[in-house]
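Dear colleague,

I am handing over the structure below, and after it I set out what was found. Please read the notes alongside the coordinates.

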Amino acid sequence: MLLQILMGTPKWVFGLFLALLWLGVSQRLDREVAPWRAAAMPAAMLGLSGWGVASAFGASLLGLSCWAAAGVLAFALVMRRALPARVRYDAASRRFVVPGSWVPLALIMGIFFTKYAVGVSLAFHPELARQAAFAAAVCTLYGVFSGVFAARAARLLRAAPGAGQARSPEADGRPEPAGSRATLSSS
């Protein structure tokens, strides 16, 4: 049966798998990353995850709700974690220095294999697309992947100097309202 599934898989899927595998494996090495690049991969994975939801379940309220709720929850949980100690921002090059990690590979492959398994399952059992429990489970899993990816990028971007700091009224040439000073804490 596995051979039948693989033979029925479009050729472009194997190309996508190899590209995603290369992308994930390349993340295991220490590297310098521009801020736009730090946001690009999570955005692409968010798109792939969203495509998985839409292609399997359409614009179902249940699917989109589970995806969004799981994504927000995963985002919030990951944002509470500190960055690895070796992460730093190099102001001169305007790049982050990021230690290598196998986590991106695991997340990328998780999204890919979830999408593949759902596609195969729906090809053999199209009625699954109308089962609420199946849709909720799959969309929740896609949401977790999306939230983790987005939070990992947001934590990194937050590490750049000036990120998350309020702009002072004096910098805009406006007088500061009385009693408006707030203390910002960095995390």
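**What was found**

Leu2 counts as exposed because its relative accessibility is 60%, where exposed means over 50% relative accessible area with a 1.4 Å probe and protein chains only, buried under 20%, and partly exposed in between. This is a predicted model, in which local features need pLDDT of at least 70 and side-chain atom pairs count only at pLDDT 80 or more, while totals for chains, interfaces and linings use all residues. Residues are numbered from 1 along each chain as its sequence is written, and side-chain values use heavy atoms, with hydrogens and water left out.

Leu2 sits in helix H1 (residues 2-7), helices being DSSP runs (H or I) of at least four residues and strands (E) of at least two, numbered from the N terminus. Together with Leu6 and Phe14, Leu2 makes a nonpolar surface patch of about 280 Å²; patch residues have over 30% relative accessible area and no salt bridge, with nonpolar side chains (Val, Leu, Ile, Met, Phe, Trp, Tyr) joined within 5 Å and like charges within 9 Å, and the areas come from the Shrake-Rupley method with a 1.4 Å probe, only the protein chains shown counting as cover for residues.

The structure holds one salt bridge, defined as a side-chain nitrogen of Lys or Arg within 4 Å of a carboxyl oxygen of Asp or Glu. Arg86 forms this salt bridge with Asp30, their closest N and O atoms lying 2.4 Å apart. Arg86 is in the loop between H4 and strand E2 (88-90) and Asp30 in the loop between H2 and E1, so the pair ties together parts 56 residues apart in sequence. Both Arg86 and Asp30 are exposed.

With regards
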